[in-house]
Amino acid sequence: MTDINNIISKIQSINKSGSPVIVAIDGRCGSGKTTLAMKLSEIIDCTVFHMDDFFLRKEQRTSERLKTPGEFVDHERFLEEILIPIKEHRTVYLRRFCHDTFEPGEAEEMAVRPIVIVEGTYSCNVNLKNYYDMTVFMTTDSTTQLERLKRRNPDKYDMFVEKWIPLEEMYFDTFSPKDCFDIVYET
């Protein structure tokens with residue numbers, strides 16, 4: 001268990017000599033990933049990217065892909081449009097996922113601050129993890145998780161219980177989070 005001050009201290013201790021420090025916050029739905037990213041953005045100079053902006057397009061949603069742990073985000077697009085440009089000091093253009101069309105939206109230029117926070121489940125997909133300077137795993141007990149999901153998304157609660165949580169748990173079971181993350185934060 002850790003607190004936000006410990007996370008900030010660890011982030012600030014990473015010296016990248018002119019390159020942004022990239023921190024991923026992965027974890028269970030309802031564990032507080034977005035809340036932590038928002039709190040960090042209020043305290044430190046950072047840019048925040050959300051994995052929810054990188055859902056799979058219709059043609060990517062194959063049964064084979066959806067059976068593979070960690071493959072429920074468009075990590076290919078996230079890598080090409082966000083992480084590689086940051087690492088190469090190029091301009092970053094964010095195209096947020098549009099739920100109406102199942103396609104990325106219009107590109108908007110993003111200011112890349114000295115610290116970049118990537119938040120969302122699947123942000124530490126094996127194809128992305130090596131691009132991060134620090135990783136945080138957010139977790140909570142199942143009772144708290146279900147209470148938060150019911151309060152936050154009552155109309156989608158059943159979908160979380162029947163679909164999203166099992167997919168996430170398959171991903172976490174495959175990658176042993178407590179063994180491969182720099183910080184485990186229990187809320």
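A cavity here is a set of grid points where a 1.4 Å probe fits but cannot get out. By that rule, counting those of 30 Å³ or more, there is 1 cavity. One thing to keep in mind as you click around: this is a predicted model.

**Stop 1: the cavity**

Select Arg-65, Leu-66, Thr-68, Pro-69, Gly-70, Glu-71, Phe-72, Tyr-122, Leu-167 and Met-170, and you have the lining of the largest cavity. The space inside has a volume of about 40 Å³. Helix H3 (63-66) and H6 each put at least two residues into that lining. Colour the lining by type and you get 6 nonpolar, 2 polar and 2 charged residues.

**Stop 2**

You'll find Tyr-122 in the loop between S5 and S6. Now check its backbone: phi is near 80°, a positive value in a residue other than glycine. Most residues other than glycine have a negative phi. Is Tyr-122 buried or exposed? Its relative accessibility is 6%, and the cut-off for buried is under 20%, so Tyr-122 counts as buried.

Step along to Ser-123, in the loop between S5 and S6 as well. Ser-123 has 0% relative accessibility, so it counts as buried. What does Ser-123 touch, once neighbours within four places in sequence are set aside? Show its contacts and you'll see Ala-24, Ile-25, Asp-26, Met-51, Val-118, Leu-128, Tyr-132 and Tyr-171.

**Stop 3: the largest nonpolar core**

Follow the contact from Ser-123 to Tyr-132. Leaving out residues up to four places away in sequence, Tyr-132 touches Ile-22, Ala-24, Phe-78, Leu-83, Val-118, Ser-123 and Cys-124. Tyr-132 also belongs to the largest nonpolar core, which has 34 residues; Phe-49, Phe-78, Ile-82 and Tyr-132 touch the most other members. S1, helix H4 (75-87), strand S3 (92-98), S5 and H6 each give this core at least two residues. The largest share, 7 residues, comes from H6. Apart from this core lies another, of 20 residues, including Ile-4, Val-23, Val-136 and Ile-183. In soluble globular proteins, nonpolar side chains tend to be buried together.

**Stop 4: helix H1**

Ile-4 takes you to H1 (residues 4-12), where Ile-4, Ile-7, Ile-8 and Ile-11 are buried. Turn the view to look down the axis of H1: its buried residues fall within an arc of 100°, so they line one face of the helix. What covers them? The cover includes strand S1 (21-27), helix H2 (33-43), strand S5 (115-119), strand S6 (134-139) and strand S7 (183-186).

**Stop 5: the largest pocket**

To centre your view, pick Cys-29, Asp-52, Arg-152, Asn-153 and Phe-160, the closest to the pocket's centre of the 37 residues that line it. H2, helix H5 (142-152) and helix H6 (157-175) are the elements that give two or more residues to the lining. By type, this lining splits into 15 nonpolar, 10 polar and 12 charged residues.

**Last stop: His-89**

Finish in the loop between H4 and S3, where His-89 lies. His-89 has a positive phi of about 55°, although it is not a glycine. With a relative accessible area of 53%, His-89 is exposed, whereas Tyr-122 is buried.

Methods. Residues are numbered from 1 along each chain as its sequence is written. This is a predicted model: local features need pLDDT of at least 70, side-chain atom pairs count only at pLDDT 80 or more; totals for chains, interfaces and linings use all residues. Side-chain values use heavy atoms; hydrogens and water are left out. Buried means under 20% relative accessible area, exposed over 50%, partly exposed in between (1.4 Å probe, protein chains only). Helices (H or I, at least four residues) and strands (E, at least two) are DSSP runs, numbered from the N terminus. The arc is that of the directions from the helix axis to the C-beta atoms. Contact means heavy atoms within 4.5 Å. On a 1 Å grid over the protein atoms alone, a cavity is a set of points where a 1.4 Å probe fits but cannot get out, and a pocket is an open set with protein on both sides within 12 Å along at least five of seven lines; lining residues have an atom within 4 Å of a point. Ala, Val, Leu, Ile, Met, Phe, Trp, Tyr, Cys and Pro count as nonpolar, Asp, Glu, Lys and Arg as charged, and the others, Gly among them, as polar. Grid points are joined across faces, edges and corners, and a volume is the space filled by probe spheres set on the points. A nonpolar core is a set of buried Ala, Val, Leu, Ile, Met, Phe, Trp, Tyr and Cys residues joined through side-chain atoms within 4.5 Å.
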